[in-house]
Amino acid sequence: MMKPTEPALAAPDGPISRWRLGSAWMVVAALFFGLMGLFVKLGAQHFSSTELVFWRTAFGTLTLGVAACWRRERFVTPHLRYHVQRGLIGYASLLLYFYAIAHLPLSTAVTLNYTSPLFLALLSVIVLRERLSARAVAALALGFVGVVLLLRPTLAGERWEAGLLGLGSGLLAGWSYLHVRELGRLGEPEWRVVFYFALISTAGGAVLMQFDRWHAVTATNVWLLLGLGLTATVAQLAMTRAYKVGRKLVAANLSYLTVVFSTLLGVLVWQDNLTLASFVAMTLIVISGILASRR
């Protein structure tokens with residue numbers, strides 16, 4: 001999941017007003033990310049995961065590109081190599097994430113993807129040689145205990161492959177965020193980071209689909225693609241506003257509401273049975289992610 005690029009809303013004066021507005025936008029973002037997962041799972045009955053990623057990123061490329069042209073932004077970047085690396089890793093993460101959503105309970109797939117802060121912290125040590133605080137180490141330990149608990153029934157059943165791929169989506173997302181952070185340090189604007197991710201992902205999807213079969217877009221399934229593109233775009237725009245006008249730490253913590261909304265949608269739409277062990281595992285992962293983000 002990428003930080004969106006829409007300019008910030010004008011916020012009322014005062015830190016309390018900015019905090020409230022930021023929090024409200026992140027709740028909106030979490031809800032629409034949950035709805036995006038709903039459309040992915042429904043759309044998986046008509047389209048492959050590769051197709052769904054293609055249509056989702058194509059929608060983002062078009063809307064972001066039109067908005068950038070409207071604002072007369074410059075598409076040329078001196079950091080194309082970083083964009084390509086980040087785009088390829090992020091695209092692979094999205095492919096695995098959509099596959100996991102299609103084959104696992106929605107809440108499980110979303111929670112596995114939200115292990116990305118844990119992997120980001122771990123990769124920061126391995127790649128950037130950063131030192132973790134005791135709290136961050138405890139968060140990693142707590143989070144991976146939650147992962148083991150969450151994956152136990154999946155690995156013991158027929159969907160073990162989807163479970164591992166879902167966890168892989170969190171790993172690749174964490175790796176992708178390393179590149180996002182580097183691009184931010186280089187002064188690259190957020191809209192360009194997200195645009196190039198969408199563009200590279202769309203191109204990658206077009207290439208992969210040459211080895212797969214396109215399914216017909218008809219009047220009975222086009223609403224799934226439109227819903228997917230719309231919810232993903234609204235979620236990204238709302239997230240951008242949250243990070244722009246709110247406190248980043250509060251916004252990051254509230255982003256875990258996506259797990260809550262996804263769980264509720266799974267229960268309402270597919271009557272998913274959330275066991276006590278799954279609930280404990282999801283809670284551990286969410287708490288660990290929040291602690292890891294504060295390192």
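Tutor: Let's begin with a term: buried means under 20% relative accessible area, exposed over 50%, and partly exposed in between (1.4 Å probe, protein chains only). This is a predicted model, where local features need pLDDT of at least 70, side-chain atom pairs count only at pLDDT 80 or more, and totals for chains, interfaces and linings use all residues. Residues are numbered from 1 along each chain as its sequence is written, and side-chain values use heavy atoms, leaving out hydrogens and water.

Student: How many salt bridges does a search of the whole structure find?

Tutor: Side chains of opposite charge can pair when their charged atoms come close. The cut-off for a salt bridge is a side-chain nitrogen of Lys or Arg within 4 Å of a carboxyl oxygen of Asp or Glu. Searching the whole structure gives three. In one of them, E73 meets R71 at 3.3 Å, N to O. E73 is partly exposed at 31% relative accessible area, and R71 is partly exposed at 30%.

Student: Which parts of the chain does the pair R181 and E130 link?

Tutor: Their side chains meet in a salt bridge, 3.3 Å from N to O. R181 sits in helix α7 (residues 160-185) and E130 in the loop between α5 (116-128) and α6, distant parts of the chain 51 residues apart. Helices here are DSSP runs (H or I, at least four residues), numbered from the N terminus. R181 is partly exposed at 25%, as is E130 at 24%.

Student: And are R192 and E188 buried or exposed?

Tutor: R192 counts as buried at 10% relative accessibility, and E188 counts as buried at 8%. The closest N and O atoms of their salt bridge are 3.3 Å apart.

Note on methods:
Helix = DSSP H or I, 4+ residues; strand = E, 2+ residues; numbered from the N terminus.
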